[in-house]
Amino acid sequence: MIDALEEKKQIIHHYRRLLRKAKPILKDGDAKLIKRAFTLALEAHKDMRRKSGEPYIFHPLTVAEICVEEIGLGTTSIISALIHDVVEDTDIELADIERIFGNKIARIVDGLTKIRGVFEYGTSAQAENFRKMLFTLSEDVRVILIKLADRLHNMRTLESMPRNKQLKVASETIYLYAPLAHRLGLNAIKTEMEDLYLKFTDQKIYTDIGNKIDETRASRNKFIKQFIQPIKDELDHLKVPYEIKSRPKSIYSIWNKMRKQNIPFEEVYDLFAIRIILDTPVEQEKSFCWQVYSIVTDYYTPNPDRLRDWISTPKANGYESLHTTVMAKNGQWVEVQIRTLRMDEIAEKGYAAHWKYKDNAAKYESNLEKWLVRVRELLERQDLTALEFVDDFRGNLFNEEVFVFTPKGELKTLPNGATALDFAFEIHTDIGSRCIGAKVNQKLVPINHVLKNGDQIEILTSSKQKPTEDWLRFVISPKAKSKIKDLLKEDKRNVAEEGKEILYRKMKQLKMEPGQQIFEQMRAYFKANSQFELTYSFGKGIYTVNDLKRFKEFKPASPLKSKPTGQEDVKTIEQEISRAKGRYDDILLIGEDMDVVEYKLAKCCTPIPGDEVFGFVTVSEGIKIHRTNCPNATELLANHGNRVIKAKWTSQHELAFLTGIKVTGTDRVGLINDVSKIISEELKVNMSSISFRTDHGIFEGEIMLYVNDTRHLDLLISKLEQVEGVLKANRFDSKTN
Ligand code: MN
């Protein structure tokens with residue numbers, strides 16, 4: 001136990017360290033304000049401790065430190081970071097903050113307080129909150145930068161959190177915060193978040209890959225040394241200070257490669273990239289970088305498809321660099337990244353680092369502005385549901401862009417994979433909706449032609465053209481997609497409107513009285529899902545007056561199906577059993593109390609005993625079990641963390657005992673199937689044997705199965721008794737040994 005005095009010393013020490021790091025950027029009076037914020041936070045949080053047991057103040061101190069050191073932010077952000085949790089957690093109010101620190105900081109703290117709630121509460125309101133968060137972001141981007149620092153520190157200290165909280169926080173991070181960091185060009189933070197995500201969701205893979213990176217270090221270093229030697233000799237002649245780095249890729253990105261390409265660690269060939277960093281004046285950056293490119297490719301043959309020039313056209317997140325992939329003497333491909341110190345800092349620390357370089361401030365701001373305008377455009381699309389919105393936004397985050405030109409040479413940025421049709425909608429909705437094709441670099445192409453960097457596109461239109469459902473498959477940009485959906489919806493509405501008139505007219509001809517009841521019968525007769533769909537079908541001319549006549553003459557009779565043989569039922573049961581037997585040797589304990597409760601295994605990842613799993617409380621289907629590395633896990637944990645519960649496999653044999661249930665009832669089609677479904681799918685009971693007999697409409701079944709306790713058995717029985725047709729289900733004593 002650390003005594004109070006020692007703790008106080010540590011706090012002061014930490015605070016001084018923060019000041020030291022901020023010193024180069026401080027202006028007159030800044031230090032005083034920072035001190036004011038620190039004392040305020042210290043006092044406000046004085047009785048609070050983090051889960052790890054340390055005083056709470058360490059958290060805001062570290063967040064402020066990350067803002068300075070790892071993002072490159074200034075005094076405003078330091079102050080805001082120091083007090084970012086006080087409004088939420090203590091008695092201090094926003095008005096107090098505004099009085100002491102002014103409007104700007106109060107607005108940032110307010111923004112931070114608001115996004116804090118983003119994921120705290122359940123349901124899809126979270127997506128709605130995310131939309132709000134982006135609103136705030138587009139007001140002052142510092143809100144999101146400080147939030148990222150906050151999240152990074154929480155990820156670094158995730159160890160002391162309970163397991164379900166770990167999964168939730170880690171998943172939110174990979175789902176939203178890491179992509180956001182990427183979008184803002186904060187590569188170092190993004191990479192660390194991703195690695196921490198893997199560490200907390202798949203510890204084994206994380207350590208395995210980490211170990212392998214260590215084991216292969218010596219041979220890799222030897223290879224790199226040989227590879228760069230001739231380049232170094234030439235670079236020395238250039239008389240420009242330089243540095244060559246060769247860090248291995250992050251554990252997460254290696255894992256991603258292994259997963260995507262389905263290959264073992266040993267087959268990931270691009271474990272590392274060589275980075276040549278030059279120290280040149282801004283005006284000479286480009287020419288020197290290309291000179292180095294020339295040197296590298298004098299020694300090694302480049303792959304022409306892998307040349308990337310992000311110096312002439314920086315990425316939207318501000319990334320600048322020259323990449324080439326060349327073949328080493330042993331036949332291995334090696335990626336070489338050429339950039340300047342300035343570019344390197346931007347690549348690691350992102351936008352904020354730009355601020356330090358006055359020459360580039362204009363360029364930076366215009367890029368940032370462009371992005372914020374796009375975010376705003378998305379935000380303003382009210383017709384998208386919140387979840388669609390998040391998907392669209394994420395789509396934009398992950399895609400790289402493709403740069404293309406209008407006939408007049410205007411540059412347009414589209415998501416990678418965009419088609420001529422995307423481009424048409426990017427220009428104008430009217431152009432898009434009438435697009436019949438395009439000329440790409442003077443060559444005629446269809447509307448679904450995929451665009452490449454540097455393409456020049458002229459859209460061809462016709463006044464007779466109309467969007468169809470197919471078009472949705474031809475575009476990938478959210479803008480084009482939603483415009484097409486709008487147009488289709490409008491079109492459909494018009495057709496349905498017309499159809500309604502047609503229907504009324506025809507009913508009149510046939511002397512049918514319109515009314516809610518008859519429309520409902522009609523809807524059922526024509527198997528339409530809604531009345532809208534019904535009128536739409538008439539508008540489309542799918543049904544004619546003859547169909548309507550047939551409906552009029554139609555007398556609804558009780559739908560009699562052919563008599564069942566029961567054979568198929570038995571077959572399905574047998575399949576169910578053999579499936580169930582193989583799968584549920586172990587049972588699953590759920591929740592904090594580790595109870596045996598009902599659950600379903602998620603179809604997306606089909607967990608098996610031994611997998612790391614978690615439970616998810618669904619709205620209509622009870623608890624579903626997912627693997628922690630399920631493709632959907634991230635989204636679920638991130639958006640609905642409060643519905644996540646702990647789950648763990650335990651060997652069934654330790655806990656279960658064999659018992660028998662007798663089920664009797666009246667036979668009907670599918671009854672046996674329903675019973676077997678309850679047992680195998682819903683209750684996940686391990687069956688030892690099952691037999692059914694039917695006789696003159698009465699059926700009797702005997703099921704031998706493993707249960708954990710009487711409560712489990714009662715649950716099963718009551719579940720079985722709910723099946724339609726089952727009269728009774730009760731326990732019977734078997735002749736077991
Ligand atoms: Mn915080």
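I began with a definition: a residue counts as buried under 20% relative accessible area, as exposed over 50%, and as partly exposed in between. I also noted that the model is predicted.

**Entry 1: Glu-54 and Arg-50**

I applied the cut-offs to Glu-54, whose relative accessibility is 27%, so I recorded Glu-54 as partly exposed. Arg-50 has a relative accessibility of 14% and therefore counts as buried. I then looked up how the two side chains are related. Glu-54 and Arg-50 meet in a salt bridge, with 4.0 Å from N to O.

**Entry 2: the chain as a whole**

I next turned to the totals. The protein chain contains 31 helices and 20 strands. Of its 737 residues, 48% are buried. The chain exposes about 37900 Å², and carbon and sulfur atoms supply 50% of that area. I also looked up contacts between residues at least 6 apart in sequence, and found that 67% of them join residues at least 24 apart.

**Entry 3: the manganese ion**

Which residues coordinate the manganese ion? I found His-59 and His-84, each through NE2, and Asp-85 and Asp-150, each through OD. The distances run from 2.2 to 2.5 Å. Along the chain, these donors follow the spacing H-x24-H-D-x64-D.

Is His-84 buried or exposed? Its relative accessibility is 2%, so His-84 counts as buried. Asp-150 has a relative accessibility of 6% and, for that reason, also counts as buried.

**Entry 4: helix H4**

Eight of the eight residues of H4 are buried, so the helix is largely enclosed by the rest of the structure. I listed the buried residues of H4 as Thr-75, Thr-76, Ser-77, Ile-78, Ile-79, Ser-80, Ala-81 and Leu-82.

**Entry 5: salt bridges within helices**

How many salt bridges does the structure hold? I recorded 26. Two of them I examined within single helices.

In one, Glu-194 pairs with Lys-190, and the closest N and O atoms are 4.0 Å apart. Both residues belong to helix H11 (residues 187-201); because they are four residues apart there, about one helical turn separates them. I noted the general rule that an α-helix has 3.6 residues a turn, so residues three or four places apart point the same way. Glu-194 is buried, since its relative accessible area is 12%. Lys-190 is at 17% relative accessibility and so counts as buried.

In the other, Lys-204 pairs with Asp-208, the closest N and O atoms being 3.1 Å apart. These two residues lie four residues apart in helix H12 (residues 203-215), which is about one turn of the helix. Lys-204 has a relative accessibility of 58% and therefore counts as exposed. Asp-208, at 34%, counts as partly exposed.

Terms used:
Residues are numbered from 1 along each chain as its sequence is written. This is a predicted model: local features need pLDDT of at least 70, side-chain atom pairs count only at pLDDT 80 or more; totals for chains, interfaces and linings use all residues. Side-chain values use heavy atoms; hydrogens and water are left out. Donors are N, O and S atoms within 2.8 Å of the metal (3.2 Å for Na, K and Ca); water is not among the atoms, so sites may look incomplete. Buried means under 20% relative accessible area, exposed over 50%, partly exposed in between (1.4 Å probe, protein chains only). A salt bridge is a side-chain nitrogen of Lys or Arg within 4 Å of a carboxyl oxygen of Asp or Glu. Contact means heavy atoms within 4.5 Å. Accessible areas come from the Shrake-Rupley method with a 1.4 Å probe; for residues, only the protein chains shown count as cover.
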